[in-house]
Amino acid sequence: MKYEVIKLKTGQELCGMVSYTNDTVEITLPMICQLTKVTATNTLATFIPYNPLGNDSILSIGLESIMHSSSMNDQFIPFYDEASAKWLSMVEDGNIPLTNTLPSTKEFLKERISDMMESLSDDELMELEQMDEEHEFFALEDPLEKKIIH
């Protein structure tokens with residue numbers, strides 16, 4: 001099996017570990033990759049399951065549905081492997097984190113900040129504290145404070 005990017009005639013692009021038969025392509029753990037510019041020099045690669053509601057880890061697509069295919073860029077393979085392994089594990093263990101309600105904006109931000117803070121090393125935390133002291137990074141204006149306009 002080799003890693004490939006498949007573009008369907010519908011325009012949808014997916015990637016995965018691919019093998020060909022006479023009239024189909026079989027894609028193991030097909031994923032969609034979304035690239036998001038984070039900074040001028042960093043891009044976030046997010047891999048999303050192509051068929052998240054399905055129970056099968058292999059998807060067969062007729063060759064007539066494919067516009068083109070190409071080898072996956074080697075730089076993306078470790079990210080795909082990590083994402084697809086995590087997804088397969090969640091599917092097999094039956095522990096996909098699902099909900100049917102959206103958190104409030106405050107809950108969402110609190111959760112994201114907590115996740116980010118937990119992932120920081122001690123050195124990064126110290127650097128963040130120094131940044132706060134120097135630039136009042138975390139200072140918030142009091143919305144109830146009256147502003148004087150001259």
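**Notebook: helix α1 and its surroundings**

I started with the packing of helix α1. Its buried residues pack against β1 (2-8), β2 (13-20), β3 (24-37) and β4 (43-49). I took buried as under 20% relative accessible area, exposed as over 50%, and partly exposed as in between, with a 1.4 Å probe and protein chains only. Contact means heavy atoms within 4.5 Å. Helices are DSSP runs of H or I with at least four residues, strands are runs of E with at least two, and both are numbered from the N terminus.

Ground rules next. The model is predicted, so I kept in mind that local features need pLDDT of at least 70 and side-chain atom pairs pLDDT 80 or more, while totals for chains, interfaces and linings use all residues. Residues are numbered from 1 along each chain as its sequence is written, and side-chain values use heavy atoms, with hydrogens and water left out.

**Entry: the whole chain**

I counted three helices and six strands. Along the sequence I read β-β-β-β-β-β-α-α-α. The chain has 150 residues, and 20% of them count as buried. I then looked at contacts between residues at least 6 apart in sequence; 50% of these join residues at least 24 apart. The chain exposes about 12100 Å², and carbon and sulfur atoms supply 55% of that. Accessible areas come from the Shrake-Rupley method with a 1.4 Å probe; for residues, only the protein chains shown count as cover.

**Entry: helix α1**

I looked up the length of α1. The helix covers residues 77-93, which is 17 residues. From first C-alpha to last it reaches 24 Å, close to the 24 Å expected at 1.5 Å a residue. The expected span is 1.5 Å times one less than the number of residues.

Which residues of α1 are buried? I found Ile 77, Tyr 80, Ala 83, Ser 84 and Trp 87. Seen down the helix axis, they fall within an arc of 135°, so they line one face of α1. The arc is that of the directions from the helix axis to the C-beta atoms. On the other side of α1, I noted Pro 78, Lys 86, Glu 92 and Asp 93 as exposed. Just after the helix, Gly 94 takes a positive phi of about 65°.

**Entry: Ile 77**

Ile 77 lies in α1. Its relative accessibility is 15%, so Ile 77 counts as buried. Leaving out residues up to four places away in sequence, I found that Ile 77 touches Tyr 3 and Met 72. I also checked Met 17. It is 60 residues from Ile 77 in sequence, and the two C-alpha atoms are 9.9 Å apart.

**Entry: Phe 47**

I moved to strand β4, where Phe 47 is found. Phe 47 counts as buried because its relative accessibility is 11%. I again left out residues up to four places away in sequence. Phe 47 then touches Cys 15, Met 31, Ile 32, Cys 33, Phe 76, Phe 79, Tyr 80 and Ala 83. Two of these names, Tyr 80 and Ala 83, are among the buried residues of α1. Phe 47 and Pro 30 are 17 residues apart in sequence and 9.5 Å apart in space, C-alpha to C-alpha.

**Entry: salt bridges**

How many salt bridges does a search of the whole structure find? I got four. The criterion is a side-chain nitrogen of Lys or Arg within 4 Å of a carboxyl oxygen of Asp or Glu. Side chains of opposite charge can pair when their charged atoms come close.

- Lys 2 bridges to Glu 4, with the closest N and O atoms 3.2 Å apart. Lys 2 is partly exposed at 44% relative accessibility, whereas Glu 4 is buried at 4%.
- Glu 82 bridges to Lys 86, with the closest N and O atoms 3.3 Å apart. These two are four residues apart in α1, so about one helical turn separates them. Glu 82 is partly exposed at 43%.
- Arg 112 and Glu 111 meet at 3.0 Å, N to O. Bridges that share partners join Glu 111, Arg 112 and Asp 115 into one network.

**Entry: surface patch**

Phe 108, Leu 109, Ile 113, Met 116 and Met 117 form it, with about 470 Å² of accessible area together. Patch residues have over 30% relative accessible area and no salt bridge; like charges are joined within 9 Å, and nonpolar side chains (Val, Leu, Ile, Met, Phe, Trp, Tyr) within 5 Å. Met 116 lies in helix α2, residues 105-119.
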